[in-house]
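Visitor: Could you pick one part of this model and take me through it closely? I'd like the cut-offs along the way.

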Amino acid sequence: MGLREDLERYREVGEQRRQDLAEFIQYGDLGESRADAVRIPIKIVDLPEFVYDRRDRGGVGQGQGEQPDVGDPVGQPEPGDGDEEWDPGEEGGEHDYYEMDPEEFAQELDEELGLDLEPKGKTVVEETEGEFTDVARTGPSSTLDFETLFKRGITRKLAMDFDGEYVREALKVEGWGPETVFKWARADGIPVSLGWIEGEYDDLPAGERGKWDSIEAMEAAVEREGAVERVRREGIDDVPFRRQDERYRYPETIERKERNVVVVNIRDVSGSMREQKRELVERTFTPLDWYLQGKYDNAEFVYVAHDADAWEVQREEFFGIRSGGGTRISSAYELTQEILEAKYPFSEWNRYVLAAGDSENSSNDTEERVIPLMAEIDANLHAYVETQPGGEAINATHAEEVNRNFAGSDDVAVAFVNEPGDVTDAIYEILSTEES
């Protein structure tokens, strides 16, 4: 097999694995995985391999003690007694799994969904010294930045320099004295001092005074030379360094920030949340947990269940709580706000608040309590996932109200999952909102 064919085959294997990942998220047994290891069943795929060309080495076939005839099957077992038709057996076969950690899972999901979420660091955990790229006004002499000192000196010299011959010609204008020439020079941006002009005027021969009838006549006849042209022609004899020009180099401080995240999973466990709805919640939330755990250095998860009241539970209980009671979604957000303010300040933690249910809520609770609470709770992302098998129920309005109120927001996502096939699209909707 040629190299090009090998590379193409490897690409096919990678694509097949991503397809397996998508199918696993939607239809697979999530319980086969752990929090730190995702076990994804995969189709058996033979990877390409390099082999020696045996055509020039003779070789023997796989016949049973004799040369095989053309058309004989190669490498297949022969039927034994009582098994002439290769009847299907009753023993279990082997199923292969690909085990990945959450970080690899997140990378594969990024590739599958076309995402590139870059987590934000919060808490500074380490400071190191980088290159000597920053400068300060003070420091040890060994770190004096001579290049900056020289540039500042040159800049000052050019700023202070002027064409003396041009100014002397102005002193020859009929009726002009030092005061008039000084005002003219400053108005024209020439950095000359009155003392210098007075000295030059005293040294000017009397016969040269009154040479020009007007300043306009002088300016038309005499060309003014710029500082840069004069420096190029005459060079520089000295550079005026000053104390305030000194700059000292010091190393840039590089901060490494730990990427902390807390994920609050909220689930409706009221009487209307039957088994199929609960399964859709688990199928959506579990891959999101794996993904965020793989993206961040330090991930903590909080699980909040609610009916008309809310309480915190362990993950093992979260998806298995039996349905019962009424519904007041705001109770979950009230508890979430308490937990986040007590343990996870937004200045130190990235926050995700992920809620799911069948969109059925007590009268006016969404508008009067939930939406204001979502606006108050600082988070990278608020998401609500409606799990309503078979489509929308008459009183399932919570998701639509949230969606309508936060339309166009870059930190609120609403997704709808009516069947397992909708899960991948829902995950994309949630993560792509946070990415933007």
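Guide: Let's start at Val414, which is buried at a relative accessible area of 9% (buried is under 20%, exposed over 50%, partly exposed in between, with a 1.4 Å probe and protein chains only). Keep in mind that this is a predicted model, where local features need pLDDT of at least 70 and side-chain atom pairs count only at pLDDT 80 or more, while totals for chains, interfaces and linings use all residues. Numbering runs from 1 along each chain as its sequence is written, and side-chain values use heavy atoms, with hydrogens and water left out.

Val414 sits in strand β12 (helices, H or I with at least four residues, and strands, E with at least two, are DSSP runs numbered from the N terminus). Setting aside neighbours within four places in sequence, Val414 is in contact with Tyr384, Ala399, Val402, Asn403 and Glu429 (contact means heavy atoms within 4.5 Å). Thr433 is 19 residues from Val414 in sequence, with 9.5 Å between their C-alpha atoms.

Strand β12 also leads us to helix α12: β12 (412-417) is among the elements that cover the buried residues of α12, along with α11 (330-343), β11 (381-387) and α13 (398-405). Those buried residues are Asp365, Thr366, Val370, Ile371, Leu373 and Met374. They cover an arc of only 160 degrees around the axis, so they lie on the same side of α12; the arc is taken from the directions from the helix axis to the C-beta atoms. On the face turned away from that buried side, α12 carries the exposed residues Glu367, Glu368 and Ala375. The length of α12 works out too: its 12 residues (365-376) should span 16 Å, and the end C-alpha atoms are 16 Å apart, which agrees. The expected span is 1.5 Å times one less than the number of residues.

Now for the other end of the chain numbering. Tyr27 lies in helix α1 (residues 3-27) and is exposed, with a relative accessible area of 56%. Beyond residues up to four places away in sequence, Tyr27 touches Arg283, Pro420 and Gly421. Gly421 is 394 residues along the chain from Tyr27, yet their C-alpha atoms are separated by 7.8 Å.

Next, the rings. Rings of Phe, Tyr and Trp (its six-membered ring) pair if their centres lie within 6.5 Å; planes under 30 degrees apart count as stacked, over 60 as edge-to-face and the rest as tilted. That rule gives 8 aromatic pairs. One of them is Tyr166 with Trp184, tilted, at 5.8 Å centre to centre and 35 degrees between the planes. Tyr166 is in helix α4 (residues 164-170) and Trp184 in helix α5 (residues 178-187), so this pair ties together parts 18 residues apart in sequence.

Finally, how far can you trust the coordinates? The chain's mean pLDDT is 80, and 75% of its residues reach 70 or more; pLDDT is the predictor's confidence in each residue, from 0 to 100. Residues 44-48 fall below 50, and that stretch has 11 contacts beyond near neighbours in sequence. Residues 74-94 stay under 50 as well, with 7 contacts beyond four places in sequence. Where pLDDT is low, predicted coordinates should not be read in detail.
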